[in-house]
Amino acid sequence: MPSPERAALAGHTVSRVGYGAMQLERLHDDPAAAVALLRRAAELGVDHVDTAQFYGNGFVNGVIREALGSDVLIATKVGADPDPSGPIPLRLAQRPEELRASVEDNLRSLGLDRIPLVNLRRADRRPGVLAEGDQRVGLDDQLAVLTALRDEGKIGAIGLSAVTLDVLRRALPAGIACVQNAYSLVGRDDEEMVELCVAEDIAWVPFFPLGGAFPGLPKVTDEPAVQAAARSLGRTPAQVGLAWLLHRAPNVHLIPGTASAAHLEANVAAADIVLDGETLAALDAIPVRAMDASLL
């Protein structure tokens with residue numbers, strides 16, 4: 001049976017296929033197109049948008065502010081800040097005072113008095129930049145400032161991103177609404193964490209849901225079983241990969257990103273795909289592909 005189309009996230013009931021806004025950076029020279037894409041997402045029923053101040057150095061947040069109303073659950077992440085002149089366009093900002101400043105920056109750029117969901121992007125596991133020096137900050141200190149911001153009414157709920165199972169367990173007393181980790185049909189290293197999130201009523205929001213975002217990550221769409229299922233269903237391999245995630249557990253929310261209206265429509269349509277037992281068994285049998293950490 002297909003999974004329900006809507007589920008709980010940070011105290012709201014939203015569509016299980018949201019939108020990850022990072023790709024809107026590609027429309028920096030055409031902000032009207034970026035606004036139109038977000039409004040098309042809303043027309044399609046998308047009411048959960050994931051963003052960050054370091055996406056386009058505030059450009060993406062500005063587009064969200066212009067395009068969307070208050071009915072959309074906006075989630076942002078802290079733990080890194082824009083660094084347009086750096087070797088990559090962000091720098092880690094893990095210290096408590098930096099987390100607070102990042103929340104304030106997001107509030108201003110999004111034009112909000114309260115951000116419904118703020119995810120703490122930790123920097124102690126791949127993929128992504130790892131913390132060094134004074135950016136190696138204890139979890140308790142980070143959660144203390146986020147809890148204070150929640151008590152002040154500036155954020156509605158706290159999530160975690162790029163964390164280990166141990167970190168999640170230690171964070172549970174603070175009240176965690178969701179976990180964002182790299183996870184896909186071919187990258188299932190966090191199965192125990194998925195089960196813990198189901199048990200604790202925590203939303204699981206996989207990023208890189210189709211793998212392949214970095215050179216060291218295998219691609220879901222390269223798998224013969226995924227391609228075979230797509231042919232059988234008359235869908236694309238990407239849609240099959242997204243549909244598998246929605247069938248994986250009832251607490252899964254997707255945030256696929258794109259700068260294309262056609263791809264946006266295809267991503268949203270993945271929620272309508274029913275995977276029967278035989279197809280699910282064939283997909284589940286795909287072996288987990290290890291990341292090549294040397295390329296990350």
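What volume does the second largest cavity have? The second largest cavity has a volume of about 40 Å³, where a cavity is, on a 1 Å grid over the protein atoms alone, a set of points at which a 1.4 Å probe fits but cannot get out. This is a predicted model, in which local features need pLDDT of at least 70 and side-chain atom pairs count only at pLDDT 80 or more, while totals for chains, interfaces and linings use all residues. Residues are numbered from 1 along each chain as its sequence is written, and side-chain values use heavy atoms, with hydrogens and water left out.

**Cavities and pocket**

The structure holds 2 cavities of 30 Å³ or more. The lining of the second largest cavity is made by R125, R126, P127, A162, N181, A182 and F207, lining residues being those with an atom within 4 Å of a point. A pocket, by contrast, is an open set of points with protein on both sides within 12 Å along at least five of seven lines. For both kinds of space, grid points are joined across faces, edges and corners, and the volume is the space filled by probe spheres set on the points.

The second largest pocket is lined by 17 residues, of which G69, S70, V72, L112 and P116 lie nearest its centre. Two or more lining residues come from each of strand 2 (12-15), helix 2 (59-67) and strand 5 (73-78), and strand 2 gives the most, with 3 residues. Helices (H or I, at least four residues) and strands (E, at least two) are DSSP runs numbered from the N terminus. In the table, Ala, Val, Leu, Ile, Met, Phe, Trp, Tyr, Cys and Pro count as nonpolar, Asp, Glu, Lys and Arg as charged, and the others, Gly among them, as polar.

| Space | Volume | Lining residues by class |
|---|---|---|
| Second largest pocket | about 240 Å³ | 9 nonpolar, 4 polar, 4 charged |
| Second largest cavity | about 40 Å³ | 4 nonpolar, 1 polar, 2 charged |

**Sheet and helix packing**

An open sheet of 7 strands runs in the order 3-4-5-8-9-10-11 with parallel pairing, two strands being paired if DSSP finds at least two bridges between them. Strand 3 (19-20) and strand 11 (203-204) stand at the edges with a single partner strand each, so one side of each is left without a neighbour in the sheet. Strand 9 (residues 158-161) pairs with strand 10 (residues 176-180) in the parallel sense over 4 bridges, and I158 has I176 as its bridge partner in strand 10. Helix 3 (residues 96-110) packs on the sheet, touching strand 5 and strand 8 (117-121), and its direction makes about 145° with that of strand 5. Contact means heavy atoms within 4.5 Å; axes are lines fitted to C-alpha atoms, for helices over the stretch in contact, with angles from 0 to 180 degrees between N-to-C directions.

**Individual residues**

The structure holds 18 salt bridges, each a side-chain nitrogen of Lys or Arg within 4 Å of a carboxyl oxygen of Asp or Glu. In one of them, the side chains of E43 and R40 meet at 3.2 Å, N to O; being 3 residues apart in helix 1 (residues 31-43), these residues are separated by about one helical turn.

E192, found in helix 6 (residues 191-200), touches L165 and R169, not counting residues up to four places away in sequence.

Most residues other than glycine have a negative phi. A10, although not a glycine, has a positive phi of about 55°, and its place is in the loop between strand 1 (6-9) and strand 2. D201 likewise has a positive phi, near 60°, and lies in the loop between helix 6 and strand 11.
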